[in-house]
Amino acid sequence: MIPHRDLLPIALDAVDRAAALMRRQTPVTSTRKGDRDLVSEVDYAIERDLRSFLRDVTPGIAFLGEEEGASGSGEWQWTLDPVDGTVNFVRGLPLCGISLGLLHGVRPILGVVDLPFLGTRYWAAEGCGAHMNGRPITVSATTSLSEAVVGMGDFAVGADAANKNRLRLALMARLADKVQRVRMSGSAAVDLVWLAAGKIDAAITLSNHSWDMTAGVAIAREAGAVVVDSSGNEYTSESTTTLAIAPGLVGQVLSHLKDTTAASR
């Protein structure tokens, strides 16, 4: 097996291909894939192109894409969200991008997130630090919630959405009374890389899949973030919630989530 750091140039090449597709495929057409959920032809085009490219250059590594599922097997797996923030993309909002990560077992160890309409690319490999457009980045040193900007993941759609959203609404209301601002970008990848770059101080996603999170989690961790699930356990690809937090705020954010969850039962 190639050392994971040596896979970074391959991941960067793959995301170059995806970003070029994303920029030139306009206008965008989309179809529904569930309750208030969209998929565009660009999602499919990027996923199929990168699945084929990565199969050719890393044949021993499995692949998981959001739109067409898994291929291959083994302890190493590429994970791809071809367009994270599809609704933003379809509407012409720039908060969207490509999120390509690498798992070793259940641990994210490499990630590339490209935001083509903002002109920024973030990448990290375990032990190599986190970077934005080639420059090292680190999480904020914020220690007070009153000075913190917190990113919240999207509201739930589909089955049981109303019940799931009760917790989100309650947590947002609690945080709104404590933090400087709450923000909702519509893209987990955007939230995680902005956390890594110190633009926000926490990123909370209360339902997720590994293709949403792997790349951003790898980048956030290398930038110094603490990344856990709602119980405070270390995030893995099997986690169903993700809290990525600047170190000085971990206890405070987890405490508010715990209290909100208890009050919502």
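1. Let's start with Cys 128: at 29% relative accessibility, this residue counts as partly exposed. Cys 96, by contrast, is buried, with a relative accessible area of 0%. The count of disulfides comes to zero, where a disulfide is a pair of cysteine sulfur atoms within 2.5 Å. As background, a disulfide is a covalent bond between the sulfur atoms of two cysteines.

2. A word on what you are looking at: this is a predicted model, in which local features need pLDDT of at least 70 and side-chain atom pairs count only at pLDDT 80 or more, while totals for chains, interfaces and linings use all residues. Residues are numbered from 1 along each chain as its sequence is written, and side-chain values use heavy atoms, with hydrogens and water left out.

3. Where does Cys 96 sit? You will find Cys 96 in the loop between H3 and E6; helices (H or I, at least four residues) and strands (E, at least two) are DSSP runs, numbered from the N terminus. The C-alpha atoms of Cys 96 and Gly 153 are separated by 13 Å, and these residues are 57 apart along the chain.

4. Now take a look at strand E5, residues 76-84. Nine of its nine residues are buried, so E5 is largely enclosed by the rest of the structure. Strand E3 (residues 62-65) runs parallel to E5, joined by four bridges, and Leu 64 stands opposite Thr 79 in E5. Strand E6 (residues 97-104) pairs with E5 in the antiparallel sense over seven bridges; there, Trp 78 has Leu 102 in E6 as its bridge partner. Two strands pair if DSSP finds at least two bridges between them.

5. How many aromatic pairs are there? The count comes to one. The ring centres of Phe 89 and Phe 117 are 6.1 Å apart and their planes lie at 20°, so the pair is stacked. The rule is that rings of Phe, Tyr and Trp (its six-membered ring) pair if their centres lie within 6.5 Å; planes under 30 degrees apart are stacked, over 60 edge-to-face, and the rest tilted. This pair links distant parts of the chain, 28 residues apart: Phe 89 is in helix H3 (residues 86-90), and Phe 117 is in the loop between strand E7 (107-115) and strand E8 (120-125). Phe 89 is buried, with a relative accessible area of 5%, whereas Phe 117 is partly exposed at 35%.

6. Helix H5 (residues 188-196) deserves a look too. Eight of its nine residues are buried, which leaves H5 mostly covered; among them are Ala 188, Asp 191 and Leu 195. After H5 comes Gly 198, with a positive phi near 80°.

Conventions
Buried < 20%, exposed > 50% of the residue type's maximum accessible area, 1.4 Å probe, protein only.
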